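Good morning, and thank you for coming. Please take a moment to look at the sequence and the structure, after which I shall go through them part by part.

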Amino acid sequence: MFLVIVAVATVRLRDLFSAAMLFAIYSLLSAALFSTLDAGDVALTEAAVGAGISTILVLAVLTLTRRREAEPKPSMQWPALAVVVLTGACLIWAVSDLPQFGAADNPVQTHVAPYYLENAYAELGVPNVVAAVLASWRSIDTLGEVVVIFTAGLGVFSLLSVRPKRRRERDEEDAR
Amino acid sequence: MRDNGILRVVARLLIPLIMLFALYVQFHGDYSPGGGFQAGVLFAAAWILFVLIYGLEAGLEVISERVMFILSAAGVLLYALIGVLGVALGGRFLDFSVLAADPKTAQQAGIILVEFGVGVTVASVVMLIFVLFARRRGELARADRPAEDD
């Protein structure tokens with residue numbers, strides 16, 4: 001419920017600084033939600049990355065740009081509204097087809113999850129199943145993730161290591 | 001902000017604790033929630049807190065940009081190297097059980113090593129991105145000054 005309120009407030013706000021702060025609050029609330037669902041690893045990640053680092057990075061970007069969002073022209077985008085309503089209706093209709101949340105015979109619970117849960121300690125001697133799955137059984141995926149992060153760093157570097165133009169030239173570009 | 005005594009004292013108290021917690025999350029990831037990603041981010045957060053209070057120059061004295069580049073590549077390479085080591089010892093790529101005599105010990109060692117690689121990469125990339133954004137502001141300001149050199 002809080003999540004919905006914060007999300008709507010974030011979208012409505014035009015002050016980007018407050019919006020960044022609300023994003024952080026949203027992440028912290030999600031982290032709390034994850035930890036009530038006993039997903040400690042996800043909660044820790046959400047709190048550290050979502051609420052912590054991404055907020056700091058967004059604030060660092062805000063020091064480079066204007067603080068307020070440009071006012072959009074008030075106009076009704078009827079086709080966009082139709083697409084959104086249609087997609088939302090389809091999703092809600094699809095939800096009725098989902099199996100009951102947390103039921104024991106869900107495909108999620110019967111595929112590889114029982115194997116992981118039963119064998120994590122017996123085969124690997126690692127009590128934290130999440131660590132076992134991430135680092136051992138799904139190790140190549142994790143290697144891929146690390147490469148993605150490295151590439152992200154390289155991407156930001158190659159974008160930002162260009163010498164900046166002077167303000168006059170930038171304003172001319174903005175005007176265009 | 002840099003002359004604020006309260007901030008300096010609190011930061012001096014907090015930064016070692018955050019770093020210690022990051023190391024705990026890193027190396028206790030087998031037993032409790034955590035692992036390389038979270039630990040790397042926490043470690044970088046401690047450094048960013050240091051930069052916010054003591055300034056970017058002081059932060060870059062602790063760890064220079066060049067070191068960050070090298071470390072971010074080294075983490076990926078460490079991960080891949082552990083994988084290749086498994087192949088060299090007769091297993092499959094990223095198969096840890098051949099790394100030591102006891103498969104369980106080998107698995108734990110492998111997991112801790114690759115998680116360490118993940119942590120190093122994540123921490124240095126996050127610090128690097130922060131440095132790049134933080135320095136961009138100074139570059140923009142310099143570009144706006146009426147330049148006499150170009």
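Which residues does B:Phe43 touch, not counting residues up to four places away in sequence? They are B:Met19, B:Ala22 and B:Ala123, where two residues are in contact if their C-beta atoms, placed from the backbone, lie within 7 Å.

Before I continue, a word on the source: this is a predicted model, in which local features need pLDDT of at least 70 and side-chain atom pairs count only at pLDDT 80 or more, while totals for chains, interfaces and linings use all residues. Residues are numbered from 1 along each chain as its sequence is written, and chains are lettered from A and ligands numbered from 1 in the order in which they are written.

To return to B:Phe43, this residue is found in helix 2 of chain B. Helices here (H or I, at least four residues) and strands (E, at least two) are DSSP runs, numbered from the N terminus. B:Phe43 counts as buried because it has 24 C-beta neighbours inside 10 Å. The cut-offs are as follows: 20 or more other C-beta atoms within 10 Å of its own make a residue buried, 12 or fewer make it exposed, and anything in between is partly exposed. From B:Phe43 to B:Leu20 the C-alpha distance is 8.6 Å, although 23 residues separate them in sequence.

Chain B has five helices and zero strands, and chain A has nine helices and zero strands. Of the 150 residues of chain B, 39% count as buried; of the 176 residues of chain A, the figure is 18%. Among contacts in chain B between residues at least 6 apart in sequence, 65% join residues at least 24 apart. In chain A, residues 24 or more positions apart account for 35% of the contacts with a separation of 6 or more.

The C-alpha trace of chain B spans about 65 × 40 × 20 Å along its principal axes. Its radius of gyration is 20 Å, whereas a compact globule of 150 residues would have one near 15 Å. That radius is taken over C-alpha atoms, and the globule rule is 2.2 Å times the number of residues to the power 0.38.

Next, helix 4 of chain B. This helix has 24 residues and reaches 34 Å from its first C-alpha to its last, close to the 34 Å expected at 1.5 Å a residue; the expected span is 1.5 Å times one less than the number of residues. Its buried residues include B:Ser72, B:Val76 and B:Tyr79. After the helix comes B:Gly90, with a positive phi near 100°.

Finally, the largest nonpolar core has 53 residues, of which B:Val41, B:Ala44, B:Val126, B:Met127 and B:Phe130 touch the most other members. Helix 5 of chain B gives the most to this core, with 17 residues. Such a core is a set of buried Ala, Val, Leu, Ile, Met, Phe, Trp, Tyr and Cys residues joined through C-beta atoms within 7 Å. Leaving aside neighbours within four places in sequence, B:Val41 is in contact with residues of both chains, among them A:Ala48, A:Ile53 and B:Val122.
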